[in-house]
Amino acid sequence: MILKGKWMILLCLSLLLAGCSGAKPAAEPPAMAEQSDYIFGTLVSLKLYEPVEASVYQAVFDDLRDVENRMTVKGITSELIAVNAAAGTAPVAVSADTFEVLEAAEKYAALSEGAFDATVYPLVALWGIGTDLAQVPSPEEIEVTRQAVGYQDLVLDKAKGTAFLKRPGMGLDLGGIAKGYAADRTARKLKALGVDSGIINLGGNVLALGAKADGSPWRIGIQNPMSDRGEYLGIAAVTNKTVVTSGIYERYFEQEGIRYHHILDPHTGYPSDNNLAGVSILTDSSMDADALSTACFVLGPEKALALAKSLPGVEVLFITKDKKVLMTEGFKAVFTQTDDSFTVVDAL
Ligand code: AMP
Ligand code: MG
């Protein structure tokens, strides 16, 4: 009995040694875990390699909720709501973070000649798209409300850290840029917490942090704008880049067979109406990508392409309502089509 036990130990030892000297089994890739929370009126998810302390996810979600509480226009109080309430009356001090986003919004408003305009709030409120009160306003209401929009009448005082809307009835809405800011901020926060690889997804506003554990690029799905969120027409393989899409699928209502979506053309007061169904921007900063995807969507392909090409490191992909896809060279280089009902073209 004892002898048998000794033989067993020897056998185990020799097997162990053989295991050490033989070919190494392929290393298992580390597992990934995903945690989500509902912030900015959308699903925010973090996909990180395990093991990650639960406190990392919590720290990010708490931080984002703090940003939301300062930059939202939905709710009772926020820095933005205070600025809007004081329109035409007085400048209001805002936090450095809100100021930074307002400055970026003004930059993209100027670059897009008002196609992107964070003072679009009066029109957003009038249409109510994404709320139970969504309705098609009368042309008169639209005309009057349109007059209350104009990024040139937002005064930002850097020394005092204040924002001032010159005319009563004006209002700010950072819905077209704040998620991008939040994605960049999350990337910075994760790096500070020692996490340098993962996927940050704020309702389709995606940032690929670093590369995958094996060094290969992340694969980000490009939203099919004719379908619900989560259906892709292709994949972008990227490392340390962001992909942000604006499209007709996100928030809309239908009345008498017409779809009214949430991206408004500040110049007409109506949902932006051209042959685009979606625009994806690929670049380094998610805040830039967010503002640009909204701006390019409103500008339409021709002007948008000119704008994107004037900005170094910005790649763009357009999807038209008749399922054509046009990309800049840098987008083509990382793109793989997965839905062959779309046709990639070289000109629209
Ligand atoms: P996005 O999904 O990033 O394209 O942003 C759309 C959101 O930005 C809308 O839900 C509005 O809150 C706001 N928005 C709508 N139209 C514009 C516009 N022309 N410029 C800036 N923000 C806009
Ligand atoms: Mg945007």
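Trainee: How much accessible surface does the chain have, and what share of it belongs to carbon and sulfur atoms?
Mentor: The accessible surface comes to about 17000 Å², and 56% of that belongs to carbon and sulfur atoms. Areas here come from the Shrake-Rupley method with a 1.4 Å probe, and for residues only the protein chains shown count as cover. This is a predicted model: local features need pLDDT of at least 70, side-chain atom pairs count only at pLDDT 80 or more, and totals for chains, interfaces and linings use all residues. Residues are numbered from 1 along each chain as its sequence is written, chains are lettered from A and ligands numbered from 1 in the order in which they are written, and side-chain values use heavy atoms, with hydrogens and water left out.

Trainee: What size box do the C-alpha atoms fill?
Mentor: Roughly 100 × 45 × 40 Å, along the principal axes.

Trainee: And how many helices and strands are there?
Mentor: The chain has 10 helices and 17 strands. Those are DSSP runs numbered from the N terminus: helices are H or I with at least four residues, strands are E with at least two.

Trainee: What share of the residues is buried?
Mentor: 51% of the 348 residues. Buried means under 20% relative accessible area, exposed means over 50%, and partly exposed is in between, with a 1.4 Å probe and protein chains only.

Trainee: Let's switch to the metal. What coordinates the magnesium ion?
Mentor: Ligand 2, the magnesium ion, is held by G176 (O), D290 (O), D290 (OD) and T294 (OG1), at 2.0 to 2.4 Å. Donors are N, O and S atoms within 2.8 Å of the metal, or 3.2 Å for Na, K and Ca; water is not among the atoms, so sites may look incomplete.

Trainee: Where do G176 and T294 sit in the chain?
Mentor: They are 118 residues apart. G176 is in the loop between β5 (162-165) and α7 (178-192), while T294 is in helix α8 (residues 286-299).

Trainee: Are G176 and T294 buried or exposed?
Mentor: Both G176 and T294 are buried.

Trainee: Now the inside. Which residues have the most contacts in the largest nonpolar core?
Mentor: L174, I177 and L190, in a core of 71 residues. Helix α8 gives the most to this core, with 8 residues. Such a core is a set of buried Ala, Val, Leu, Ile, Met, Phe, Trp, Tyr and Cys residues joined through side-chain atoms within 4.5 Å.

Trainee: What does L190 touch?
Mentor: Leaving out residues up to four places away in sequence, L190 touches L46, L48, V56, V60, V195, I200 and L209. Contact means heavy atoms within 4.5 Å.

Trainee: What about the second core?
Mentor: That one is separate and has 19 residues, including I220 and A236.

Trainee: What is phi at E113?
Mentor: Near 50 degrees, a positive value in a residue other than glycine. E113 is in the loop between α4 (96-111) and α5 (121-127). E113 counts as exposed because its relative accessibility is 62%.

Trainee: Why does N240 count as partly exposed?
Mentor: Because its relative accessibility is 43%. N240 also has a positive phi, about 55 degrees, and is not a glycine. Its place is the loop between β9 (232-238) and β10 (241-247).
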